[in-house]
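Colleague: I am new to this structure and would like to go through it with you, one question at a time. Could you show it to me before we start?

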Amino acid sequence: MPIIEVKGLKKRYGSFEALKGIDFEVDEGKIVALVGPNGAGKTTTLKILSGFLRPSEGRVAVLGKDPWSHPELKKEVAYILDKPNFPPHVKVEDFLREAALMVGEKPEVGEEYLKALGLQEYAQRSFSKLSAGNMQKFAIAVALLRRPKLVVADEPSSNLDPGARAQLYDLIAKSKKENDTTFFISSHVLTEMEKVADEVIIMADGQVKAQAPLGQLASSLSGSSFRITTDKPELLAEALKGQVVDGKVMVAEEAASLSDIDEAAKRVGARVVSVERVGSSLDEIFKKLVGEE
Amino acid sequence: MSVFWRFLKLSVQEDYRMPVAELFAFLMALAPLTLYASGVNYGVLKGSAAFSFLSSALGLAAFLFLILILKNVSFGIGADLEKGITNTFLTFPMSRAKYLAAKLVSGAVIPFVMFMLAPLPVALAFAPHFSDLGVLLLYWGIEASGMMVIIGLMVLVALATKKGSTSLIAGLALYFGSEFANAFAIFYAERGNRDLFYALSVLNPSELWTIHYSRFFGSFSVSTATASALTATSAALGVALLIIAFAAFERVIDL
């Protein structure tokens with residue numbers, strides 16, 4: 001059974017139509033990435049799923065219920081805001097204790113997440129003394145401490161440094177494994193989403209352009225490439241009109257066959273160690289579907 | 001403890017982290033009555049004397065509490081909407097109506113109860129001198145209805161603009177605007193045209209009762225029936241504005 005169902009969803013702000021009738025479903029236990037350029041309608045979609053915005057038309061069901069009129073859903077559904085903010089003069093520790101109790105958890109549960117995100121030293125501080133990054137980490141802790149069935153997250157890693165991003169994705173993996181939590185995550189960091197997402201929804205201009213498991217999406221767009229390990233990557237890349245990525249030559253399958261690679265290598269005097277066929281990256285798929293925006 | 005009470009606890013913690021102004025206003029309200037009770041004026045206060053005494057003794061405290069309430073409502077509701085703190089709280093399993101109710105209890109009801117409590121012990125302890133406790137109730141009712149109208153409008157402005165500063169300006173403009181307008185309206189009422197004064201009294205009914213009790217304006221007086229009806233209208237308007245604010249927040253307003 002899908003944990004999120006969206007049918008014919010439209011959202012208008014005056015005469016501007018931010019969502020133009022989108023449809024998608026998210027199955028339980030999956031990590032689904034929502035990607036798209038700025039203004040695609042990602043945040044609007046997430047806010048409707050979280051009951052912050054009312055749809056202009058269409059149907060939205062989260063765990064079978066309309067999120068606007070069922071605030072009790074938030075016991076099982078956590079929402080991580082893109083720019084989270086907290087009452088500035090309340091202490092981190094006090095808020096976390098009340099937050100745990102508000103969602104029916106033991107007050108000490110929050111401490112586990114503070115430790116996991118390296119926030120223990122900030123427990124006695126008030127929110128006004130927290131950086132944007134730490135505020136973001138804290139929002140993640142508050143969301144996950146309720147052991148939710150579903151987490152809807154809007155750019156959850158936007159304010160985080162690389163170390164904290166790794167901690168975030170560890171927590172996501174842990175939560176999925178231990179609680180079978182479904183994650184619906186909007187992000188601009190496509191390389192990160194590629195590592196964690198089971199499925200991708202690509203949005204642009206208020207419409208869903210594609211929804212599929214990442215591998216399926218890559219093959220359906222016939223976007224496979226060859227990854228060539230060689231001793232002269234620059235020369236071979238130039239000969240094949242490819243690119244050097246991490247010291248290896250990447251060339252699209254449609255641009256060169258195996259025999260083309262062999263000939264080019266002979267021509268430039270390069271020794272080919274290995275040739276692997278790899279699917280398109282999320283970044284490439286994204287560019288193909290929505291352009292270079 | 002339910003989510004509502006936990007949220008109210010956090011709101012109170014935020015609104016009253018340094019309650020110096022509240023304490024000052026509370027003592028301000030207490031002081032004149034203590035002075036009276038200790039023997040400055042031993043006349044038995046009834047009816048108009050009791051009302052005049054209360055309005056002069058508590059007038060400044062009422063003003064201070066009103067300013068505190070305006071500050072709490074504009075920052076607690078408008079600024080929280082502006083900064084996204086409201087969204088943070090609404091990620092918890094709590095209805096929008098309960099969120100708004102907790103904000104109003106913390107920002108407005110608690111200071112008003114402090115204002116009500118200040119004169120109560122002294123008035124009760126010295127009841128023989130203050131034989132007309134009904135006037136005290138009336139005074140609280142007048143202050144409450146006037147405040148409700150301003151708060152109702154402020155909350156609507158805060159919800160519509162999602163800005164604390166706009167809401168505060170609206171509240172202050174309404175309060176001081178109605179005070180100025182009342183002064184002009186009384187001037188015209190003295191000359192026979194009372195409609196404007198009565199209309200403005202719905203926003204701020206205290207002048208009605210001051211005139212009713214003092215009969216300061218000679219030929220111009222306000223009957224108990226008129227003053228009561230207009231105060232009830234003011235209270236009804238305040239309640240109606242708050243109901244509209246709750247309904248709009250619960251059913252219409254996007255965050």
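Colleague: How much space lies in the second largest pocket?

Modeller: Please keep in mind throughout that this is a predicted model. The elements that each give two or more residues to the lining of this pocket are helix H3 (47-83), H7, H8 and helix H10 (206-214), which belong to chain B. The space in this second largest pocket comes to about 340 Å³.

Colleague: Which residues are the closest to the centre of the second largest pocket?

Modeller: The lining of the second largest pocket is made up of 21 residues, and helices H7 and H8 of chain B are among the elements that give two or more of them. Those closest to the centre are B:Glu143, B:Tyr175, B:Glu179, B:Asn204 and B:Ser206.

Colleague: Where does B:Lys162 lie in chain B?

Modeller: The backbone of B:Lys162 has a positive phi of about 55 degrees, although this residue is not a glycine. Most residues other than glycine have a negative phi. B:Lys162 is partly exposed, with a relative accessible area of 26%, and its place is the loop between helix H7 (133-161) and helix H8 (164-190).

Colleague: What is the relative accessible area of A:Leu63?

Modeller: A:Leu63 is not a glycine either, yet has a positive phi of about 50 degrees. In chain A, this leucine sits in the loop between strand S4 (57-62) and strand S5 (77-80). Buried would require a value under 20%, so A:Leu63 counts as partly exposed, with a relative accessible area of 21%.

Colleague: Which side chain of opposite charge is nearest to B:Glu14?

Modeller: B:Glu14, which is part of helix H1 (residues 3-15) of chain B, is buried and yet has no salt bridge. A salt bridge would need a distance within 4 Å, whereas the nearest side chain of opposite charge is 4.1 Å away and belongs to B:Arg17.

Colleague: Which side chain does a polar contact join to that of B:Glu14?

Modeller: Not counting residues up to four places away in sequence, B:Glu14 touches A:Pro87, A:Pro88, A:His89 and A:Val90. The polar contact has a length of 2.9 Å, and the side chain that it joins to B:Glu14 is that of A:His89.

Colleague: What percentage of the residues in chain A is buried?

Modeller: The secondary structure of chain A comes to 10 helices and 13 strands, and its C-alpha trace spans about 70 × 45 × 35 Å along the principal axes. Of the 293 residues in chain A, the buried ones make up 51%.

Notes: Residues numbered from 1 in each chain as written. Chains lettered and ligands numbered in written order. Predicted model: local features only at pLDDT ≥ 70, side-chain atom pairs only at ≥ 80, totals over all residues. Heavy atoms only, no water. Helix = DSSP H or I, 4+ residues; strand = E, 2+ residues; numbered from the N terminus. Buried < 20%, exposed > 50% of the residue type's maximum accessible area, 1.4 Å probe, protein only. Lys, Arg positive; Asp, Glu negative; His and termini not counted. Polar contact = N/O pair within 3.5 Å; in protein donor to acceptor, adjacent residues only side chain to side chain. Contact = heavy atoms within 4.5 Å. 1 Å grid on protein atoms, 1.4 Å probe; cavity = no way out; pocket = protein on both sides within 12 Å on 5 of 7 lines; lining within 4 Å. Points joined across faces, edges and corners; volume = space filled by probe spheres on them.
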